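Reader: Could you walk me through this structure, starting with how to read it and then going through its parts?

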Amino acid sequence: MSRMLRQYLETQADQVETVLVTHRTPGRITGGTVGPRLIRFRLDPAPQTRLSAVRGLTEDLAVALKVPSLRIDRTHEGIILEFPNPEPRPVTLVSLWPEIAPLPSTTALLGLTDTGAPLLARLSAPEVAHVLVAGTTGSGKTALLRTMAVSLALSNRPENLRLLCLDPKGRAFRALENTPHLTRPPAVTVPEAIETLQSLLRLMEVRDQQGVNHPRIVVFIDEVADLVLQGDGRNKPGRYPGASIETLLTRLAQRGREAGIHLVAATQRPSAAVLSGVLRANFPLRLVGKVVSAEDARVAAGRGQTDAHLLNGRGDFLAIGGSGAPIRFQVAYISEQEAQQELAQQQRAQTTSER
Ligand SMILES: Nc1ncnc2c1ncn2[C@@H]1O[C@H](COP(=O)(O)OP(=O)(O)O)[C@@H](O)[C@H]1O
Ligand SMILES: [Mg+2]
């Protein structure tokens, strides 16, 4: 830690204690951690100090600390104050990979938690199964999907795991273009998306009858709300006549996991107007990035008090699942170009070892 950072931490701790005392909610900073992106102070409140009162001072604390955002979290360690590290270190897939690879089967890398541990999502586990990624433009949703897809492709052979992409903007999954895990090009138009989802439903039924869930299929969907809105009422007749994209997705989310089909869907705002409650309820894991308001935070997280509107964007996310406390993490970034390189390198290594 640099001398400047050490000094900065001491000044900031003093500032926090001053603000708290001024507002008659005294407490002491008793420790903390410096993560790659975040500084976390542990606050030991005086007996008369209430958590709600400290929460009420979020804005005052951010002003006093001169930080763009400050978030207060209650964990088993106590009250935690989180704000950006002024000397951030990048969190990248390429730098993490040597420490964690290979990942267990069907397990995606998400990033680093605020305490510095790799955060993984095992899609085959019932408490993960399907993942909903939410956040405003620039929060890093597409980058998170790419990290997940690339980590899956790097750790699983194409015989064991397939990737499918639905991408109304047509740009999110270019890095995967030449991966053997991708058995067909990304579905970009509404008819292509419907066709892909219908073929997955047919496969799901066959697999159900045969009791098969292999190879696993992970379906990545960027901007799912756009797709649902665009597709509204424009279905071509097929095996599921009249079924909207939303109905198809809901069926897959409800029954896909047992057939080895997993959905990872990203959207700016998973509001009830676009994605029904039934559909959202079938996504056990939510990954929530920066949103624009407290109301959006509630909708995206499916619960209150997460303060997702106070996140910093660009890969700063909360993992929210089951009844556990949200886990804040920084997405392990990989650029499109790096992703292409890593995947090509892996393919070359595999071809060589098979000769
Ligand atoms: N994990 C990250 N680490 C660093 N920068 C990121 C990260 N995620 C996104 N960014 C930056 O933010 C920009 C927007 O990210 P993107 O994934 O396109 O956001 P979204 O899909 O939510 O609009 C990217 O071009 C990149 O520069
Ligand atoms: Mg995007």
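This is a predicted model: local features need pLDDT of at least 70, side-chain atom pairs count only at pLDDT 80 or more; totals for chains, interfaces and linings use all residues.

Author: What follows is a conversation about the cores, aromatic pairs, helix packing and backbone details of this structure.

Reader: Okay, which residues touch the most other members in the largest nonpolar core?

Author: Leu163, Phe220 and Leu287 do, in a core of 47 residues. A nonpolar core here is a set of buried Ala, Val, Leu, Ile, Met, Phe, Trp, Tyr and Cys residues joined through side-chain atoms within 4.5 Å, where buried means under 20% relative accessible area, exposed over 50% and partly exposed in between, with a 1.4 Å probe and protein chains only.

Reader: And which helix gives the largest share of this core?

Author: Helix H5 (residues 141-155) does, with eight residues; helices (H or I, at least four residues) and strands (E, at least two) are DSSP runs numbered from the N terminus. Apart from this core lies another, of 32 residues, and Val190, Ala193, Leu197 and Ala253 are among them.

Reader: What does leucine 287 touch?

Author: Leaving out residues up to four places away in sequence, leucine 287 touches a list of residues including Leu110, Val131, Leu144, Met148, Phe317 and Phe329, and contact means heavy atoms within 4.5 Å.

Reader: Switching to rings, how many aromatic pairs are there?

Author: A search of the whole structure finds three, counting rings of Phe, Tyr and Trp (its six-membered ring) whose centres lie within 6.5 Å, with planes under 30 degrees apart taken as stacked, over 60 as edge-to-face and the rest as tilted. One of them is the edge-to-face pair of phenylalanine 41 and phenylalanine 83, at 5.3 Å centre to centre and 80 degrees between the planes. Phenylalanine 41 belongs to strand E2 (residues 38-45) and phenylalanine 83 to strand E4 (residues 78-84), 42 residues apart, and the pair links these distant parts of the chain.

Reader: Are those two buried or exposed?

Author: Phenylalanine 41 and phenylalanine 83 are both buried. Another pair, phenylalanine 173 with phenylalanine 220, is tilted, at 6.2 Å centre to centre and 50 degrees between the planes. Phenylalanine 173 sits in the loop between strand E8 (161-166) and helix H6 (190-210), and phenylalanine 220 in strand E9 (residues 216-221), so this pair ties together parts 47 residues apart in sequence.

Reader: How do helices H1 and H3 pack?

Author: Helix H1 (residues 3-22) and helix H3 (residues 58-65) pack at an angle of about 140 degrees, with axes 9 Å apart; axes are lines fitted to C-alpha atoms, for helices over the stretch in contact, and angles run from 0 to 180 degrees between N-to-C directions. That makes H1 oblique to H3, since angles under 35 degrees count as roughly parallel, over 145 as roughly antiparallel, 65 to 115 as roughly perpendicular and the rest as oblique. Tyr8, Gln12, Gln15, Val16 and Val19 of H1 make the contact with Asp60, Leu61, Ala64 and Leu65 of H3.

Reader: And what about H5 and H11?

Author: The axes of H5 and helix H11 (residues 336-354) come within 10 Å and cross at roughly 10 degrees, which makes H5 roughly parallel to H11. In H5, Arg146, Val150, Ala153, Leu154 and Ser155 meet Glu336, Ala339, Glu342, Leu343 and Gln346 in H11.

Reader: New topic: where are the cis peptide bonds?

Author: One joins alanine 101 and proline 102, with omega about -10 degrees, and proline 102 lies in the loop between helix H4 (93-100) and strand E5 (107-113). Another joins histidine 214 and proline 215, again with omega about -10 degrees, and proline 215 lies in the loop between H6 and E9.

Reader: Which residues other than glycine have a positive phi?

Author: Threonine 106, in the loop between H4 and E5, has phi near 55 degrees, and at 4% relative accessibility threonine 106 counts as buried. Arginine 314, in the loop between H10 and E12, has a positive phi of about 50 degrees, and at 70% relative accessibility arginine 314 counts as exposed.

Definitions and conventions:
Residues are numbered from 1 along each chain as its sequence is written. Chains are lettered from A and ligands numbered from 1 in the order in which they are written. Side-chain values use heavy atoms; hydrogens and water are left out.
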